[in-house]
Amino acid sequence: MELKIILTFIAGLITAYVTVWNAERKISIENITKERAKWRDKIRELSINVNAAMVESDNEKLSVLRNQFRLLLNPADKEDQYIIELLSLSEKEDNMKKANEFSVCLSYLLKHDWERAKLES
């Protein structure tokens, strides 16, 4: 009889632990997913401004945007660093080419993050 009580108690503890662990994990995933969605929106918003600054050859505006991207992207990632390198002006023809390449790189970055968020949730 005592063994049944002890086993029931242990089973209850294990169940409580698993329930708490699952709840904490769910809350964590929801918060991370929401923050990533905000991050993707911010990247999209800034990319529109980058395109305008490149077309207008506005060095000052592009410098500010480059710094904002430095704060939002991964400094240890080669692809992210390449995106930041694209945020510099040169000849007018190059600027249009860079603006297009910048858009392509960002679309891959956003797609990768979206897929990662879907897998995690």
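Isoleucine 14 sits in helix α1, which covers residues 2–55 (helices are DSSP runs of H or I, at least four residues, numbered from the N terminus). Keep in mind that this is a predicted model, where local features need pLDDT of at least 70, side-chain atom pairs count only at pLDDT 80 or more, and totals for chains, interfaces and linings use all residues. Residues are numbered from 1 along each chain as its sequence is written, and side-chain values use heavy atoms, leaving out hydrogens and water.

Further along helix α1 you'll find arginine 36. Its relative accessibility is 16%, so arginine 36 counts as buried (under 20% relative accessible area, with exposed over 50% and partly exposed in between, using a 1.4 Å probe and protein chains only). What does arginine 36 contact, leaving aside neighbours within four places in sequence? Asp113, Arg116, Ala117 and Glu120, where contact means heavy atoms within 4.5 Å.

Arg36 also belongs to a network of salt bridges with Arg40, Asp113 and Arg116. A salt bridge here is a side-chain nitrogen of Lys or Arg within 4 Å of a carboxyl oxygen of Asp or Glu, and the structure holds eight of them.

One of these joins aspartate 41 to arginine 44, with the closest N and O atoms 3.1 Å apart. The two are three residues apart in helix α1, so about one helical turn separates them.

Now hop over to glutamate 115, which pairs with lysine 111 at 2.8 Å and with lysine 118 at 3.4 Å, N to O. Glutamate 115 and lysine 111 are four residues apart in helix α4 (residues 92–120), so they too are separated by about one helical turn. Glutamate 115 is partly exposed, at 29% relative accessibility.
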